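Here is a short report on one protein model. Look at the fold as a whole, then follow the text through its packed helices and its ligand shell.

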Amino acid sequence: MKDGAQVLVFANVKGGVTKTTTVLTTAMMLHLLGARVLVVDADPQGNTTDGLGYTGGALAYTLYSLMMGKASLEQVLKRTYFNRTTRVFYDPTDDEERQQLERDVQEKQAVRGPDLLPNNLRAAAAENELLPHPAWGSLIKDILLPLASHYDFIIIDTNPGLGKLTVNSFLAADYVVIPSIPERWPTDGITLLCGTIANAHEQNKALTVLGILFTRVRYAEHRRHMERVQQTILPQINQTFPWMKLTCFETYINETANFSRVTNERSNYILALANDAISIMYWGYLAELLRKIGSPFFEKARTMYQQLVTEYKAEQARLEGKKQQRAEIGGERR
Ligand SMILES: Nc1ncnc2c1ncn2[C@@H]1O[C@H](COP(=O)(O)OP(=O)(O)OP(=O)(O)O)[C@@H](O)[C@H]1O
Ligand SMILES: [Mg+2]
C-alpha cells in the first residue's frame with residue numbers, strides 16, 4: 001500500500017494447499033524479525049484466526065462485520081499472544097485462558113504475536129450479502145488504508161475459490177503468493193486463478209505476482225510435476241498474461257508429519273520447531289520473497305536463514321559423529 005505496509009495475499013482456487021499454513025509461518029517469521037505485522041483472515045473458515053489463538057465462533061465482531069459497516073476497527077482488531085515456554089497461543093475468548101494471559105503478561109511469560117483481523121463462519125454469507133453493495137470490491141482495501149501506516153506487512157489469507165472475498169483481497173494487495181502442492185489438481189486451477197488476478201490487475205495496477213510456492217513436497221513424482229509446471233504451465237500463462245511474469249519460488253517446502261501436532265496445539269511451526277529442516281526451508285523462502293520485493297528486512301531474513309543452516313549442519317555432523325562412534329564401539333565389542 002502506498003506510504004505504508006506491504007500487503008501480501010496468499011491465494012489458490014484449490015482448497016487444502018497450505019495457504020493458511022504459509023500465511024501463519026510467513027507472519028511469524030516477519031514478526032520474529034521485528035517487523036510490525038497484521039494478519040487478515042479473509043476466509044470464513046477462520047483457520048488463521050484459530051492458528052493465532054482465537055476461537056472464531058466466540059467472536060462477536062470480525063473482518064466481515066467491518067466490511068458490512070457493523071463494527072468499529074477497535075472492536076475487531078485483536079492482539080495475539082503466545083506463551084514463551086510452551087509456544088502455544090492463548091485464546092482470549094476463553095475466560096480462564098484470558099485470566100491466565102493477564103497474569104502471564106504481568107510476569108512477562110506471554111509474548112505478543114502478530115495482530116489479527118479475525119473471521120468466522122458468519123462471513124460465509126458474504127458472497128450474497130456483498131452483491132448489492134456498490135463498492136463491494138474495495139471494502140477490504142478501504143478497511144486496510146488507515147491501518148497501513150501502523151504496519152510493515154499486512155498478510156491476507158483467502159478462502160479456496162475465486163469469490164468476492166478473494167477478489168477484495170486482490171484489490172487491496174501489492175503482492176500475490178500462490179501456495180500449491182505439486183500435483184495435477186492443485187496446479188490445474190492456477191490458470192483460472194491467474195485469470196482472476198489479471199481482472200483485478202485491471203483495477204489494481206500495483207498488483208504483482210511473486211510466484212508459486214510448492215509445499216508438501218515428498219515424492220519423485222512431485223519433483224517431476226514441478227518441472228512440468230516450469231516447462232509447460234508457466235509459459236502458457238505468461239503468454240496469456242505477459243505482464244505477470246509468473247515464476248515458481250526456487251525454495252520449496254517438504255512434507256512433514258509434524259504439522260498436525262503443531263496445529264492441534266495451536267502453536268506455530270516456526271516457534272515450535274524453530275531449528276527443524278522445514279522451518280529452515282520456510283526461512284529460505286522468506287529471504288527469497290523479501291529479496292523479490294526489495295524489502296529492508298531481506299538482510300535480516302538471510303542472516304537468520306544462514307545461521308540456521310550452519311547450526312543445522314553442525315548438529316547433523318555431531319549426530320553423524322556419535323553414530324560412527326557407536327558403530328566403532330560396537331565393532332570393538334564384537
Ligand atoms: N509441509 C507440510 N507437510 C505436511 N502437512 C502440511 C504441510 N504444510 C501444511 N500441511 C497441512 O496441510 C493441511 C492443509 O493446509 P492449510 O489448511 O494450510 O491449507 P489451505 O490451503 O489453507 O486450506 P483451505 O483451502 O481449506 O483454506 C493442514 O492439515 C496442514 O497442517
Ligand atoms: Mg486455509
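Angles under 35 degrees count as roughly parallel, over 145 as roughly antiparallel, 65 to 115 as roughly perpendicular and the rest as oblique. This is a predicted model, in which local features need pLDDT of at least 70 and side-chain atom pairs count only at pLDDT 80 or more, while totals for chains, interfaces and linings use all residues. Residues are numbered from 1 along each chain as its sequence is written, and chains are lettered from A and ligands numbered from 1 in the order in which they are written.

**Overall form**

The protein has 14 helices and eight strands. Both are DSSP runs numbered from the N terminus: helices are H or I with at least four residues, strands are E with at least two. The radius of gyration is 21 Å, close to the 20 Å of the globule rule for 334 residues, so the protein is as compact as a globular protein of that length. That radius is taken over C-alpha atoms, and the rule is 2.2 Å times the number of residues to the power 0.38. Along the principal axes, the C-alpha atoms fill a box of roughly 80 × 55 × 35 Å.

**Helix packing**

Two packed helices are described by the angle between their axes and the distance between the axes. Axes are lines fitted to C-alpha atoms, for helices over the stretch in contact, and angles run from 0 to 180 degrees between N-to-C directions.

| Pair | Angle | Axis distance |
|---|---|---|
| H9 (residues 184-203) and H10 (residues 220-240) | roughly 20° | within 10 Å |
| H1 and H13 (residues 277-292) | about 75° | 10 Å |
| H13 and H14 (residues 298-333) | about 155° | 8 Å |

How do H13 and H14 run relative to each other, roughly parallel or roughly antiparallel? With an angle of about 155°, H13 and H14 are therefore roughly antiparallel. H13 passes H14 in a left-handed crossing. A crossing is left-handed if the near helix is turned anticlockwise from the far one by less than a right angle, and right-handed if clockwise. The contact includes Trp-283 and Leu-286 of H13 and Tyr-305 and Leu-308 of H14. Residues are in contact if their C-beta atoms, placed from the backbone, lie within 7 Å. This contact divides into 13 nonpolar, one polar and two charged residues. Ala, Val, Leu, Ile, Met, Phe, Trp, Tyr, Cys and Pro count as nonpolar, Asp, Glu, Lys and Arg as charged, and the others, Gly among them, as polar.

H1 and H13 are roughly perpendicular. Thr-25, Thr-26 and Met-29 of H1 meet Tyr-282, Trp-283 and Leu-286 of H13.

H9 and H10 are roughly parallel, and their crossing is right-handed.

**Ligand 1**

Of the 21 residues around ligand 1, Gly-15, Lys-19, Thr-20, Thr-21 and Phe-259 come nearest. A residue is near if its C-beta atom, placed from the backbone, lies within 6 Å.

Methods: Contact = placed C-beta atoms within 7 Å.
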